[in-house]
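Q: Could you help me look over this one? I'd like to go through some helices and strands together.

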Amino acid sequence: SGDALIAAAQQQDLVKVEALLKAGTPVDSASAYGATALFFAVDKGNVELVKLLLEAGADVNVTDTFYKASALGWSLSKMQGSPSHREIALLLLERGAGPAEVAFGIGTANGDLELVKAALATGEVTVEARRSALQGLEGGVTQGENEAIIALLSKDLPTEPEEDEVVKIELSAEDRARYVGEYSNADIGMKIKVFVEGDGLKAQATGQPSFSLIPVGTDAFRAIEAGGLDLAFSGRGGIIERFQLTQSDQQFLFVRGKPETKEEVVAAPPLPAMIRGSAKPWPSFRGANASGIGDGQGVPTEWNGEKGTNIRWKTAIPGIALSSPVIWGDRVFVTTATSATADDTFRTGLYGDVDSVEDDSVHIWRVYALDKASGEILWQHDASQGRPKVKRHMKSSHANSSPAVNEKYLVVLFPSEGLFCYDHDGNLLWKRDLGVLGSGWFFDASYEWGFAASPILHEGRVIVQADIYSGSFIAAWDLATGEPAWRTERDEIPTWSTPTILPAKEGGGAEIVTNGKTVRGYDAATGKELWTLTPNSEVVVGTPVVADGLAYVTGGYPPARPIYAIRAGGRGDLSLSGEAESSDQIVWRHERGGTYIPTPIVYEGILYMLHNSGRLVAYDAKSGEQLYRKRVGKADSFSGSPVAADGRLFFTTETGITFVVRSGKLYGEVARNELGEVVMTTPAISDGLMVIRAMDHVYGIGIEKKTVSEEAAPTGSD
């Protein structure tokens, strides 16, 4: 069947692919996203598989319906440092694959004579593109194959454009000045500077070579040597404010930098005092019901990991874990997963690689209890040991799910190892096998990224949202016995979001709100699906947030990046029709602006949306009105979610820098604290402490100053 052919191509099983083709399976059978076996062979860089499919007559110009990418475009995007992808690009060009001008632009930019020849041989490269590339090469320093490329492009090139081929557009100095400035796209974390050089315009992305902008229409430019980019500028009142960048049918909006307004530089009121009231627990991911609020716990505003400033304790924990700490009483609970080969492959930053880490060595999944006052390890237990049943992403771990705890029970989820329940002294009370929970790229199931949803506790039950490649579900178990309470199947692709409880509306019961490709609400007592809401992103990570009777749900990945404010009590399909932005159940919606990885936070009536790139947008939580838009840090990447306490917001970068920002309608940075270690998790707040789980240590941060004389080493046994 077509599905079997695609799966065989994803697994690079040449024998099975050949057998299916001989059995009559159409070579261009497409996945749910319009991609054929050729697409996946190209993605994997498998030259022999590509040749096999091409010999079987595969369509070289296949374009998927989600990313709008062609087989050639995909091979070109992965060509740097990959000889196999370059060879595939040449094979595809020989078969007439497009867009040839993109290959031509990359070839001229990189001095790749063979690629330039292959692109020209398709006959799809215009004289205008040749002339533009030649102009760029002659204006630079030639070396290697550049001289040969110049000779090739110069051969038989008309001295002037043919009238029906290109319209020559001249720009005056005043015209060129209109476009000069710095433009940015916060969603992909990129800045592009447009500037004048000689009699022309050039553009340059941060850290990339510059490229020439050739006018092709009113406020429209093309950058041939940058791979066929099209830039369409626009604005109000004749002032350029933005441009739309198009490449291979993908579009990105870049907004011109604006000076701060007078309102933004008005002096802000003094910060409220840090109040140290009675100790409160931090029972699950992001605290009580994922609210992220730790008011009255007296957490510090300033600290420094390397100097030891306000570092009460620091405890070394082996392995890699993205699970966040939880706190109850005098104990901090954390989890980890260690590899027998000590494979610490991990990559921070803003990037889009989908590759998995190949480490199938024996792992140990372990639970720790630390003394909240000293960081001393009180006990540790190995929940499971063996080879991982799934792979992880290079920005993931085998211990992503945060624990959940109440006054009696500690629940830990090591997804494909099981659900474990302990008492506070580390005695195992029960465990449940949930099967293999495989999560990863919706587009290609051969890429596994790891499971991340955390368990939550509600009314004597533990609830788990398990969105996986096949057989997604949400289920509840009795907390005391581990016996199943209910289970509801979900028509859902992999997600990494934790469910949240939306308190009961008058006359109704509490609802469980889940994020996903379809946002859903369930009866917390029975698991019955109550309502659905679309559209949403194809990949969702952020947890729904509840405040003042509303649930806020967001997604930051294509095809939709919405923000929804949902009222309790809905039934059926809550999706808005047409241009509607609200309804009886949807208080407000923004079609764009949703966050991808960090979970939003609602604090003192304001919804704060922190994007991976550090773009922070504040909205009035009740109306959805945007209050401000600022950048936290510079070129930083954020995966952990924000927390708040005593009029302060805390945003921690992947490099371990925590920015402290005042809450309210005016943005104001209060402090910038360096821990000196990678941090991918969300802090916990309780009883004068902010507890941060870093890559190698757990830190207890408090007002009291102590010198870290010796790191606590993992001790104790079962």
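Q: Which residue follows helix 7, and is its phi positive or negative?
A: Gly-111 comes after helix 7, and its phi is positive, near 65°. Helices (H or I, at least four residues) and strands (E, at least two) are DSSP runs numbered from the N terminus. Keep in mind that this is a predicted model, where local features need pLDDT of at least 70 and side-chain atom pairs count only at pLDDT 80 or more, while totals for chains, interfaces and linings use all residues. Residues are numbered from 1 along each chain as its sequence is written, and side-chain values use heavy atoms, with hydrogens and water left out.

Q: And how many residues of helix 7 are buried?
A: Nine of the eleven residues in helix 7 (residues 100-110) are buried, so to speak mostly covered. Buried here is under 20% relative accessible area, exposed is over 50% and partly exposed is in between, with a 1.4 Å probe and protein chains only. Among the buried ones are Glu-101, Phe-104, Ile-106 and Thr-108.

Q: Let's go to the start of the chain. At what angle do helix 1 and helix 2 pack?
A: Helix 1 (residues 2-10) packs on helix 2 (residues 14-22) at about 155°, and their axes are 8 Å apart. That makes the two helices roughly antiparallel. For the terms, axes are lines fitted to C-alpha atoms, for helices over the stretch in contact, and angles run from 0 to 180 degrees between N-to-C directions. Under 35 degrees counts as roughly parallel, over 145 as roughly antiparallel, 65 to 115 as roughly perpendicular and the rest as oblique.

Q: Which residues meet there?
A: Helix 1 brings Ala-4, Leu-5, Ala-8 and Ala-9, and helix 2 brings Lys-16, Val-17, Leu-20 and Leu-21. Contact means heavy atoms within 4.5 Å. By class, seven of these residues are nonpolar, none polar and one charged.

Q: What about helix 8 and helix 10, how do their axes cross?
A: The axes of helix 8 (residues 113-121) and helix 10 (residues 146-154) come within 9 Å and cross at roughly 20°. Helix 8 and helix 10 are therefore roughly parallel. The contact is made by Leu-113, Val-116, Lys-117 and Leu-120 from helix 8, with Ala-148, Ile-149, Leu-152 and Leu-153 from helix 10.

Q: How many residues of strand 39 are buried?
A: Six of six in strand 39 (residues 657-662), so the strand is largely enclosed by the rest of the structure. Ile-657, Phe-659 and Val-661 are buried on one side, and Thr-658, Val-660 and Arg-662 on the other.

Q: Nice. How many bridges join strand 39 to strand 38, and how many join strand 39 to strand 40?
A: Strand 38 and strand 39 pair over five bridges, with Phe-650 standing opposite Val-660. Strand 39 and strand 40 pair over five bridges, and Val-661 stands opposite Glu-669.

Q: Which turn residues have a positive phi in those hairpins?
A: Gly-656 does in the hairpin of strands 38 and 39, near 90°, with four residues between the strands. In the hairpin of strands 39 and 40, with six residues between them, Gly-664 has a positive phi of about 120°.

Technical notes: Ala, Val, Leu, Ile, Met, Phe, Trp, Tyr, Cys and Pro count as nonpolar, Asp, Glu, Lys and Arg as charged, and the others, Gly among them, as polar. Two strands pair if DSSP finds at least two bridges between them.
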